[in-house]
Amino acid sequence: MGGSKMEGGTSSSAAAIAPPAPNRRDPYEVLNVSRDSSDQEIKSAYRKLALKYHPDKNASNPEASELFKEVAYSYNILSDPEKRRQYDNAGFEAIDADGTDMEIDLSNLGTVNTMFAALFSKLGVPIKTTISANVLEDALSGTITVRPLPLGSSVSGKVEKQSAHFFGVTVTEEQAQAGIIVRVTSAAQSKFKLLYFEQDNGGGYNLTLQEDSEKTGKVTSAGMYFLHFQVYRMDSSVNALAMAKDPDAAFFKRLEGLQPCEVSELKAGTHIFSVYGDNFFKTASYTIEALCAATYEGTTHKLKDIEQQILRKRTELRQFETEYRKALAQFQEVTNRYSQEKQNVDELLKQRDNIQSSFMVDRSVVFGSKVSNGGNSRVPGEDSSPGEEDGKDKSAKKRWFNLNLKGSTDKKST
């Protein structure tokens, strides 16, 4: 399955919930369930009560947020097998003695992962709303319009922001055995979510899976694959957190974002899917299609093979990361020594140049003194200075000039 499981997921997104006042009520009483209730019954009861005490729907009731806290706190205990066992054995004392922070794992609360994000924000927990509570409440109450989406067909449309279009895919027993694929694409690169709902005992629909659109080439797309073998989805938030902390970890943890999808097959019947407009300021354009894997047998085998290759590669990377970190530490040590040795060599050569320069400075002082003292003295046997020779030449030229000039004058006078 290519969607994230909204119930029983393993995401680390969590919101801290403060325990209610000391006069705490029995969690089973708060959720109105029996002590032998199943996990699914507890989840279903929680959803209904959380909707009932939604602050947006109880603006005139100041106790709504406190009631929701009590419901959330109770669910936190009963949804965790270990905490539930501790409470069943020793009550609140065992929970308090455990010393762990009480928190709601949003990924484990099904629709709460999206429906109550805004509610948590109202309680002081800054969590981004991902799906409108109104959309999920309409689905839970069964007051939605479902359009048919026959296998082998596609439907195009535009969905308003924070709204959803619902589609019913009817599957025969033979088609269910072959496998089903539901994909949504957007040539306009709109942001959307592909959702899958399971029918509730009360006639409504619970959000079970969701897949956020991702940009692939020139389109955005999302898909869900019910092929009777384990298909994985990529949780980009895992990689994003790692990248923010350490670029190297971003690579090694990339495949750690692969999360197994807990729904790998569909039974015969009609299944509800939805396209949710995730754009903030405009409508989302999309095309949704439903396919039977029977006509894509070769492609199905290739997908199964590549999933297994990726899992093996993830195991290899875990081992390689240890080797890489060790080699990186050694490299860092060597590069640090390199920098230090380079600095030492530069310093030694600089000292050498300074010493040599000091010798040059002393010699120039000596030579300068010699030149200044003997500059005006004439060494016997030395030729006349260039200035004296120039003077003789000028005198000779002058006499020669005067002689010629005088001769010329005499001739003129005669």
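These legends walk through a few close-up views of a predicted model. Local features are described only where pLDDT is at least 70 and side-chain atom pairs only at pLDDT 80 or more, while totals for chains, interfaces and linings use all residues. Residues are numbered from 1 along each chain as its sequence is written, and side-chain values use heavy atoms, leaving out hydrogens and water.

**View 1. The largest nonpolar core has 24 residues.** A nonpolar core here is a set of buried Ala, Val, Leu, Ile, Met, Phe, Trp, Tyr and Cys residues joined through side-chain atoms within 4.5 Å. Buried means under 20% relative accessible area, exposed means over 50%, and partly exposed is in between (1.4 Å probe, protein chains only). F226, F273, V275 and I288 touch the most other members. Strands 6, 7, 8, 11, 14 and 15 each give two or more residues, and strand 15 supplies the largest share, 4 residues. Strands (E, at least two residues) and helices (H or I, at least four) are DSSP runs, numbered from the N terminus. Apart from this core lies another, of 20 residues, including A50, Y53, F68 and Y73.

**View 2. Here we zoom in on V275 and its contacts.** Contact means heavy atoms within 4.5 Å. Leaving aside residues up to four places away in sequence, V275 touches V159, S163, A164, H165, F167, V184, F192, K193, Y286 and I288.

**View 3. Strand 7 pairs with strand 11 and with strand 15.** Two strands pair if DSSP finds at least two bridges between them. Strands 7 and 11 run antiparallel, joined by 7 bridges, and S186 has T220 of strand 11 as its bridge partner. Strand 15 is also antiparallel to strand 7, over 6 bridges, with I180 opposite C292. Since 5 of its 7 residues are buried, strand 7 is largely enclosed by the rest of the structure.

**View 4. K193 and D212 meet in a salt bridge, 2.6 Å from N to O.** A salt bridge is a side-chain nitrogen of Lys or Arg within 4 Å of a carboxyl oxygen of Asp or Glu. This pair links strand 8 to strand 9, 19 residues apart. K193 is buried, at 3% relative accessible area, whereas D212 is partly exposed, at 29%.

View 5. R84 is buried at 13% relative accessibility; D39, at 47%, is partly exposed.
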